[in-house]
Amino acid sequence: QVQLVESGGGLVQPGVSLRLSCAASGSIVSIYRMGWYRQAPGKQRELVAAITNGGSTNYAHSVKGRFTISRDNAKNTVYLQMNSLKPEDTAIYYCNAKEAAGTIIDYWGQGTQVTVAS
């Protein structure tokens, strides 16, 4: 069992930066990948960024060059630095952790709202 708690969302104007945090706790020994997904109203949930235990990262095309995912292994925390925010970035952002313990299991945080508007 893994618990994920997101923080850092909010209402900001276009061009502003935000940093999201996701703290993992519980039985985290088998987690091999963490990432951020987002879902806007009426749209599919999409992968924003992910990072593996080995440090490999990947990003959605729409955020590449603006967002950066990182992790602090000592704190079991991943971050999403979001720069140059656009209205199209408005969504609920969910932290995800993928666990391999015989079978692959996904864990999700409760989500944090990011709203980019004037």
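Are arginine 38 and aspartate 89 buried or exposed? Both arginine 38 and aspartate 89 are buried, where buried means under 20% relative accessible area, exposed means over 50%, and partly exposed covers the values in between (1.4 Å probe, protein chains only). The model is predicted, so that local features need pLDDT of at least 70 and side-chain atom pairs count only at pLDDT 80 or more, while totals for chains, interfaces and linings use all residues. Residues are numbered from 1 along each chain as its sequence is written, and side-chain values use heavy atoms, with hydrogens and water left out.

Salt bridges were considered next. A salt bridge is a side-chain nitrogen of Lys or Arg within 4 Å of a carboxyl oxygen of Asp or Glu, and by this rule the count comes to four. One of them joins the side chains of arginine 38 and aspartate 89, at 2.9 Å from N to O. Arginine 38 belongs to strand β4 (residues 31–39) and aspartate 89 to the loop between β8 (77–82) and β9 (91–101), so this pair ties together parts that are 51 residues apart in sequence. Strands (E, at least two residues) and helices (H or I, at least four) are DSSP runs, numbered from the N terminus.

Aspartate 89 also forms a salt bridge with arginine 66, the closest N and O atoms being 2.8 Å apart. Arginine 66 lies in the loop between β6 (57–59) and β7 (67–72) and aspartate 89 in the loop between β8 and β9, so the parts tied together here are 23 residues apart in sequence. Arginine 66 and aspartate 89 are both buried; for aspartate 89 the relative accessibility is 0%. A further salt bridge is formed by aspartate 106 with lysine 98, with the closest N and O atoms 2.8 Å apart. Aspartate 106 is partly exposed at 36% relative accessibility, whereas lysine 98 is buried with a relative accessible area of 17%. Salt bridges that share partners join Arg38, Glu46, Arg66 and Asp89 into one network.

The surroundings of aspartate 89 include other parts of the chain. Leaving aside neighbours within four places in sequence, aspartate 89 is in contact (heavy atoms within 4.5 Å) with Arg38, Val63, Arg66, Phe67, Ser84, Val114 and Val116. Aspartate 89 and proline 14 are 75 residues apart in sequence, and their C-alpha atoms are 9.5 Å apart in space. Glycine 26 and valine 2 are separated by 24 residues in sequence and by 4.7 Å in space, C-alpha to C-alpha. Glycine 26 touches Gln1 and Gln3, not counting residues up to four places away in sequence.

Aromatic rings were then examined. A pair of aromatic rings is described by the distance of the centres and the angle of the planes. Rings of Phe, Tyr and Trp (its six-membered ring) pair if their centres lie within 6.5 Å; planes under 30 degrees apart count as stacked, over 60 as edge-to-face and the rest as tilted. A search of the whole structure finds one aromatic pair. Tyrosine 37 and tryptophan 108 form this pair, which is edge-to-face, with 5.0 Å from centre to centre and 65° between the planes. The pair links distant parts of the chain, as tyrosine 37 is in strand β4 and tryptophan 108 is in strand β10 (residues 103–108), 71 residues apart. Tyrosine 37 is buried at 16% relative accessibility, and tryptophan 108 is partly exposed at 32%. Arginine 45 lies over the face of tyrosine 37, at 5.7 Å from the ring centre, and over the face of tryptophan 108, at 3.9 Å from the ring centre. A charge sits over a ring if NZ of Lys or CZ of Arg is within 6 Å of the ring centre and within 35 degrees of the ring normal.

Backbone angles were also considered. Most residues other than glycine have a negative phi. Asparagine 76, in the loop between β7 and β8, has a positive phi near 50°. Asparagine 76 is partly exposed, at 33% relative accessibility. Serine 84, in the loop between β8 and β9, has a positive phi of about 50° although it is not a glycine. Serine 84 is partly exposed, at 40% relative accessibility.
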